[in-house]
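Here is a short briefing to read alongside the structure. Please have the sequence and the model open as you go.

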Amino acid sequence: MTPDERRAFGARVAQLRRQRGLKQDQLAAAIGRTASWVSQVERGVQPVVRLDVLQLLADGLGVSAQVLRPDAPQPATPPPPTEEEPNDLDEARLLISGHPALDVLLAERQPAEGPAIEGLRTAVDEAWVLTHAARFAELSALLGRVLPRLERATRTAALKDRPKAHLLLSQAYQALAAAFVRQDEADAAWVAADRAIRAAEQSGEPLNVFAGIYRLAQAFVRLKHLDQAEHAAASAVAVLARHSATGSPQPEELSVLGSLHLMLALVAARSGQRDQARQQIGKAREVAARLGSDRNDFNLEFGPTNVEIQAVSTAVDLGDAGEALDLGKQINADRLSPERRSRLLMDLGRAHAQRRHIGEALECLLRAEELAPETVRTHVSARSTIRELVLVAGGSASPDLLGLAERANALE
């Protein structure tokens, strides 16, 4: 299936499901799949290529397979099983279920062999590229190959090579945690972040521990465990702030410190603590001024520009749409990743929606979707905004808005 074919197929499934008065979880229960799988099919993320799966879905919807896919054959005998494409991060989720290297525990000791560290480093770098690009199926497949090798390397490599292996393992788990957060699988993000922190400590690179804590706090925010997010981030900030005040901190240390201040601003905004949120944004601005430029240490993309992007998001969370739009006019995010630029446009779309600027809000959201489709279609706040725009527009909702709502499953 091409991407366009997957989207068209998914839209047909969603339409038929709604006609039967079924919610995604009800259809999922009827066919023995998860609601996440149904959502991915309807968004065009998960292709349905096996005839038995197509028939299962058709039975759940009460139609023939040909209604779902007109070109589907009617085999006289059950079709032979064929390999199905990865289902987003499902493979990666299985990877973090249980102990990561059981075979090593019972193996007799073998002469230590140095792993191909540079090859693993290249793979971890690629994992971050895929994470930022929201190419989650590819990320899941890549880490399915790389994580087991890294886990074994941390236990079997020559002693001199193990810190490097631990560092790469931590970075790989951080990428996975970030991806799980974006896929709204925060429980899995929690596990991945915890493993990243442990591996970072064993690498002898303490700043990676603090970067892992940032990923952990992200998972807590997505789980709406704001007290845990605040505790994790505030504890890390307290230590880093004391350390950075005693000398000339490295830029990497300032990047992590500033990012954690932004995390605390997010937590405060989500809790409705206006003064605390603004205070944390102010502290992040001070750190960014000390840093002096936009950087991407630990894939945090911290710097003066990112602080202002977070200030926009904080203002929107606090209901200050006018302030958010004024801040947005001053930001030039051209040098940042598509993911971060998409997030800025998404927040500006939310701000316009708060002011009932339907056209401007839709324009921002469509531009955000062009940059990072999966981010817009799965982000809780974006979907809520799209749903609100459809309700406000009513019968005058444009085809572009209705199409966006279909792609984001925002009509549930």
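Where does Asp184 lie? Asp184 sits in the loop between helix 10 and helix 11 (186-203), where helices (H or I, at least four residues) are DSSP runs numbered from the N terminus. This is a predicted model, in which local features need pLDDT of at least 70, side-chain atom pairs count only at pLDDT 80 or more, and totals for chains, interfaces and linings use all residues. Residues are numbered from 1 along each chain as its sequence is written, and side-chain values use heavy atoms, with hydrogens and water left out.

**Loops with positive phi**
- Asp184 is not a glycine, yet has a positive phi of about 60°.
- Asp184 counts as partly exposed because its relative accessibility is 39% (buried means under 20% relative accessible area, exposed over 50%, partly exposed in between, with a 1.4 Å probe and protein chains only).
- Lys224, in the loop between helix 12 (206-222) and helix 13 (226-244), also has a positive phi, near 65°.
- Lys224 counts as exposed because its relative accessibility is 71%.

**Nonpolar cores**
- The largest nonpolar core has 88 residues (a core is a set of buried Ala, Val, Leu, Ile, Met, Phe, Trp, Tyr and Cys residues joined through side-chain atoms within 4.5 Å).
- Helix 10 (residues 162-182) gives the most to this core, with 12 residues.
- Among the residues with the most contacts inside the core are Leu89, Leu176 and Tyr173.
- Leaving aside residues up to four places away in sequence, Tyr173 touches Ile96, Pro100, Leu147, Glu151, Ala192, Arg195 and Ala196 (contact means heavy atoms within 4.5 Å).
- A second, separate core of 19 residues includes Leu362, Leu365, Leu404 and Ala405.

**Helix 15**
- Gln280 is in helix 15 (residues 274-291) and counts as buried because its relative accessibility is 12%.
- The side chains of Gln280 and His261 make a polar contact at 2.7 Å (a pair of N or O atoms within 3.5 Å; within protein, one must be able to donate a hydrogen and the other to accept it, and residues adjacent in sequence count only if both atoms are side-chain atoms).
- Not counting residues up to four places away in sequence, Gln280 touches His261, Leu264 and Ala265.
- Ala289 is in helix 15 too, and is exposed because its relative accessible area is 61%.

**Helix 7**
- Leu106 lies in helix 7 (residues 102-106) and counts as exposed because its relative accessibility is 81%.

Key: Helix = DSSP H or I, 4+ residues; strand = E, 2+ residues; numbered from the N terminus.
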